[in-house]
Amino acid sequence: MMQQQALQGLRERLGPAGFTDDASDLAPWLTDWRGWRTGRALAMASPASLEEVRFVVQAAVAERIPIVPQGGNTSMVAGATPEADGQAIILSLRRMRRIRAVSIEDNALVAEAGVVLTQVHDAAAAAGRLFPLSLGAKGSATVGGLVSTNAGGVQVLRYGTMRALTLGVEAVLPDGTVHHGLKALRKDNRGYDLKHLLIGAEGTLGVVTAATLALVPRPVERAVAWVGLVRLDAALPLLRRLEAATGGQISSFEIVPQAGLDLVTHHLANARAPLAGRHQWHVLIEADTSRPGDPLADAMRDSLGAAVESGEVADAVIAGSEAQAEALWLLRESLPEAERREGGAAKHDIAVSVADMPAFIIQTAPAVESAFPGARVLAFGHLGDGNVHFNVRAPEGADGEAWLRQNSGAINRFVDDAVVAMGGTISAEHGIGVLKRDEFVRLAEPGRLEWMRAVKSALDPLGIMNPGKLLPPCD
Ligand code: MLT
Ligand code: ZN
């Protein structure tokens, strides 16, 4: 009864654009991007302002209604999907889509939580700046989700993750108070950093409503290369050689195995392999400069030419135009979608030290394939920062979905044990959500969960903020 009254209060305050409990409106937001979890929800509230978010949180707290914050619903770990019990409301931030300010002097902009990443890129570009974080889901992923998951992407090598690029955060905390932390302070040394608690908290400590994001000078030129490698362990010497040759201007260094390129060229209309031959490993490399007249392309061409001559690199091509550069990036960015269309995979978003990653792949891929006969490892991604998506696909010809449901638990444990044995992390950029929670709990180092639970229960004593994500629900 009280719950119904609370929902009615939300309906009245938010109006038809801001509140729905209609099953067909809710349906697209109840299943995660990978299609692994489908939940239910009492309703979806879509506030359009900070005050409205506050109203929703206060109403939910008063009636102990769990809140599941949601942005573009692109989580790889079902971090924004409500539980199956249907007791929660989805708090969509998608109507909060204003760029509140752009400051060239501060080299920063303030974006509301529902602003989509491409909109941030456009706003930065209009001010002659770059927001240097990008990822495949840039057309749907929102600022609130990027902050709340400490997203990474394809330029972490040079610019860092959201944690490095978020100068300030505005958030509604579970007691209904607002953390007004948008001021772009480059230094603030007053003890515990509340901003960093909220970044990567996956909506379990409060609702991020806006963020101040750091900008950098806009590149005037980029050199984008596609390289075929003779061996995976030639990759890092190549990266360091190119960094030296360009004065540290390599922003992306992404590996793609031949099998991954085959998937993309199969599924993406008009896609063509960039190189004539087949190579076990490919690398997509981008270097950027914001200095007019910088001989960046020459440096890349000379270094890659020398690497081909010495036999370290089998073949390489440098994009001759922006259109070609975009086409190379599209091949890389289409890989998760191509993998999904082929039936998906047991995904492992792992990192070890950069130096250890080639050895990790070289050792662990055959080990997985022999422990799970027929399984096909597809390892791709951000080798330059030590984070690779070490995904395991079902055997050719198998019923992929059934095989994955049956085997993914054991595969996850196998891969995650290997990662931990090398001192790595089982979640480098996707977060924990619900899909990685059991493994996180199984492998967390002593004290880590207790420490996190202490923070959670101090800030969210009722346990209503995105319950079941990151940590198991409170008893
Ligand atoms: C990527 O790097 O493409 C994304 O993190 C997505 C994925 O892991 O599939
Ligand atoms: Zn990634």
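Trainee: Why is the contact between R222 and E286 called a salt bridge?

Mentor: A salt bridge needs a side-chain nitrogen of Lys or Arg within 4 Å of a carboxyl oxygen of Asp or Glu. In this predicted model, the closest N and O atoms of R222 and E286 are 3.0 Å apart, so the pair meets that rule. By this rule the count comes to 27 salt bridges.

Trainee: What makes R222 and E286 a tie between parts apart in sequence?

Mentor: R222 sits in strand 12 (residues 221–229) and E286 in strand 14 (residues 281–289), so the pair joins parts that are 64 residues apart in sequence. Strands (E, at least two residues) and helices (H or I, at least four) are DSSP runs, numbered from the N terminus.

Trainee: How do you know whether E286 is buried or exposed?

Mentor: Buried means under 20% relative accessible area, exposed over 50%, and partly exposed in between (1.4 Å probe, protein chains only). E286 comes out at 5%, so buried it is. R222 has 23%, so call that one partly exposed.

Trainee: Which other residue forms a salt bridge with R222?

Mentor: That's E322, with the closest N and O atoms 2.9 Å apart. E322 belongs to helix 12 (residues 322–333) and R222 to strand 12, so this pair ties parts 100 residues apart in sequence.

Note on methods: Residues numbered from 1 in each chain as written. Chains lettered and ligands numbered in written order. Predicted model: local features only at pLDDT ≥ 70, side-chain atom pairs only at ≥ 80, totals over all residues. Heavy atoms only, no water.
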